[in-house]
Amino acid sequence: MTPAVEAKGVTRVLPGTVPVTLVRDIDVAIMPGEFVAITGPSGSGKSSLLYLLGLLDQPSEGRILVHGEDTSGLRGDALAALRLVRIGFVFQFHFLLPEFSALDNVLVPIRKLGRWSDEEARARAVRLLTEVGLADQLKKRPDQMSGGQRQRVAIARSMANDPDIILADEPTGSLDQKNGQIVFETFARLATEYRKSVITVTHDPHLAEQTHRVIRLVDGRIVDDGMTAPPPLDEAALPAPPGV
Amino acid sequence: MNLALDIALTHLLSRKRQTLVSVLGVAMGVGFFIAITALMQGFQEDFVRRVIDNSPHITMKDEYRDPPRQPVEVAYAGAAIQLRGVKPKTEIRGIRRAGQIMEALQAWQGLTVSQVLQGQGFLRYGSKERSSTITGIEPDRERLVTRLDKDIVAGSIDALKTAANGIILGKGLARRLAVEMNDTITVTSPIGVIMKMKVVGLSHTGVIAFDETSAYVLLKKNQVLQGKTNIVNQVRMRTDDVNTARAIAAKVEARFDYRTESWDEANEGVFGVFVIQNMIMYSVTGAILIVACFGIFNIISTVIFEKTRDIAILKSMGFAEGDIRAIFLLEGLALGVIGAGLGCALGLGLTYLLSVVRFQAVGLVEIQKFILKWSIWHYAIASSIAMGSAMAAAYIPSRRASKVNPVEIVRGAA
């Protein structure tokens, strides 16, 4: 099976008078349906690896492959187009557009892709928000919602264009334990039920244990990569992804 | 609605006060541009119309553009010749064979022509004295070439033919001399000929320079006054199309050698002032628009500064640099469009207000109200400049926005 996203010999060095190596010699492949946690101490390169896998950053050496396609030759617009279709991001802070309602926030990437009609796009956004338990919060703006609700809107938005890969950078960092648990359960469901490759950076060992696989980084290198749970279910037995 | 436009408008609406100030800045620039352009162009076109109506389209004068060449210069063209102490030959000024020239012009260019003798005179009525330009005319020909016939507000041009020594005065000149119709004034020419003349008409063109200095008598009378029997010093022409006057004047001069000026060449000095006037007007209104553009630059820069995180997240979602640039360019364009729309309404209102103002002013011309030029082009040009400037003002910050590195922003927020 082709990995959803794969790093081959990836090194990222920030240039400058004193070059800083963020990650080095990373070889990792994330399969469809895998729920992976990246852990490690602060400054170990967790987020850097996530941004490289999500095509937000470019490796100094090595290659990133998305569904087997080498992205090293792609630039600007082509990478943006790939992110729009294949990748969904969730950050520690929700980063919702503050003037837009929950529904409109989810509609932004859908409208940008332009794959669906206005009615279909709206119905899809409503379904996604319903999936994350926010059916009654559609018209609310971010400042009218709790932290957990905002983060769930961000998750719904990351799912808007039905991406194969969802990348989350400490998505529970600004949430209490209860809301953090809800967010992780949502991710787990996306991976196991909808075969999304979910990669999340977390400091919380308790939450990391709930994933299928934990990759531990120290000083930009992978020092441990182990399974914590059974591999994902057979593809044929899975339901259709939400909103499709 | 287009997504980029939706985001752009949302940004602007979330900063209502700043947006309003920027829009009002553009609107004022556009509004003043329209009103001032209507005013200036209206005045200038009215002045040109008056000049065209009151003067012949082309005037041949009894002088040459370049002094005649000396025989030695003709004989040794190209040689290094220096002549010292050459004095102009004393000769009687005037256009020779004027009758033949007029016939030739009528046959050759199909022009309507008249001949006049123009000279200076001193007009006296009681204790009042004024110098004047006295034009000797042939009434039947003159009425075909200039508007004098139509500008007569008392008496008639034909009265020159019936009165023994009739004179038509510009209304301003008559007022300064304190004369009225049928009064008799004394006219003294530069060579000392004195004539008693009866005022048989008053003309009023509205151009002060004409009305306060012009006097008209029969051609024969002026020839006597100026001591130039059977001499004319101007052949005046009228064309069917005023715009061809300059080209025809050049042809006429090339053929007959006499200096021949079209109406626009004769008034080049005034038109030069108009060019300066226009430059000042466009500079002032342009400055208003530039200030407005700084407002637009400011609001968009502020939005970008405040929305850096949003830009980062949009890029992480798959917005390309062009998409981000489009959002902020649309913000500039929206400010430009709304400002231009309001500015057009403001310009319309200001122009209307100017049109209803009444006053009595005497300057270059006599006017009782502002003469305004209503033209859709003023609105189109002002709006285009406003929108173009707004886009230009938005371009630099939008370019900066498109270069935002989402990784740096997201890291900074963590």
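Residue numbers start at 1 in each chain as its sequence is written, and chains are lettered from A and ligands numbered from 1 in the order in which they are written. In this predicted model, local features need pLDDT of at least 70 and side-chain atom pairs count only at pLDDT 80 or more, while totals for chains, interfaces and linings use all residues.

**View 1. The two chains in outline.**
Chain A holds 7 helices and 10 strands. Chain B holds 17 helices and 12 strands. Helices (H or I, at least four residues) and strands (E, at least two) are DSSP runs, numbered from the N terminus. In chain A, 50% of the 244 residues are buried. In chain B, 43% of the 414 residues are buried. A residue is buried if 20 or more other C-beta atoms lie within 10 Å of its own, exposed if 12 or fewer, and partly exposed in between, with C-beta atoms placed from the backbone. Take the contacts between residues at least 6 apart in sequence: in chain A, 71% of them join residues at least 24 apart. For chain B, among contacts between residues at least 6 apart in sequence, the share joining residues at least 24 apart is 81%. Two residues are in contact if their C-beta atoms, placed from the backbone, lie within 7 Å.

**View 2. The contact between chain A and chain B.**
Chain A brings 22 residues to the contact, and chain B brings 19 residues. On the side of chain A that touches chain B, helix 1 (46-53), helix 2 (76-86) and helix 3 (102-113) of chain A each give two or more residues. Helix 2 of chain A gives the most, with 6 residues. This side of chain A divides into 13 nonpolar, 3 polar and 6 charged residues. Ala, Val, Leu, Ile, Met, Phe, Trp, Tyr, Cys and Pro count as nonpolar, Asp, Glu, Lys and Arg as charged, and the others, Gly among them, as polar.

**View 3. The open sheet of 6 strands in chain A.**
The strand order is 6-7-8-3-9-10, with mixed pairing. Two strands pair if DSSP finds at least two bridges between them. Strand 6 (87-90) and strand 10 (221-227) of chain A are the edge strands, each pairing on one side only. Neighbouring strands of this sheet are turned by 15 degrees against each other on average, direction ignored. Strand 7 (residues 165-169) and strand 8 (residues 197-201) of chain A pair in the parallel sense over 5 bridges. One bridge links A:Ile165 to A:Ser197 in strand 8 of chain A. Helix 1 of chain A lies across strand 3 (35-39), strand 7, strand 8 and strand 9 (213-218) of chain A, at about 150 degrees to strand 8. Axes are lines fitted to C-alpha atoms, for helices over the stretch in contact, and angles run from 0 to 180 degrees between N-to-C directions.

**View 4. The open sheet of 4 strands in chain A.**
Here the order is 2-1-4-5, and the pairing is antiparallel. Strand 2 (20-30) and strand 5 (69-70) of chain A stand at the edges; each has a single partner strand, so one side of each lacks a neighbour in the sheet. Strand 4 (residues 61-66) of chain A joins strand 5 of chain A through 2 bridges. A:Val66 has A:Glu69 as its bridge partner in strand 5 of chain A. Helix 1 of chain A packs on this sheet and touches strand 1 (5-14), strand 2 and strand 4 of chain A. The direction of helix 1 makes about 125 degrees with that of strand 1 of chain A.

**View 5. Helix 2 and helix 15 of chain B.**
The axes of helix 2 (residues 16-54) and helix 15 (residues 321-356) of chain B come within 6 Å and cross at roughly 40 degrees. That makes helix 2 of chain B oblique to helix 15 of chain B. Angles under 35 degrees count as roughly parallel, over 145 as roughly antiparallel, 65 to 115 as roughly perpendicular and the rest as oblique. The residues of this contact divide into 16 nonpolar, 9 polar and no charged. B:Asp46 sits in helix 2 of chain B. B:Asp46 is partly exposed, with 17 other C-beta atoms within 10 Å. B:Asp46 and B:Leu372 are 326 residues apart in sequence and 8.9 Å apart in space, C-alpha to C-alpha.

**View 6. Strand 1 of chain B and its partners.**
Strand 1 (residues 58-64) of chain B pairs with strand 10 (residues 258-262) of chain B in the antiparallel sense over 4 bridges. B:Met60 is bridged to B:Thr260 in strand 10 of chain B. Strand 1 of chain B also pairs with strand 9 (residues 234-238) of chain B, antiparallel, over 4 bridges. There, B:Ile58 is bridged to B:Met237.
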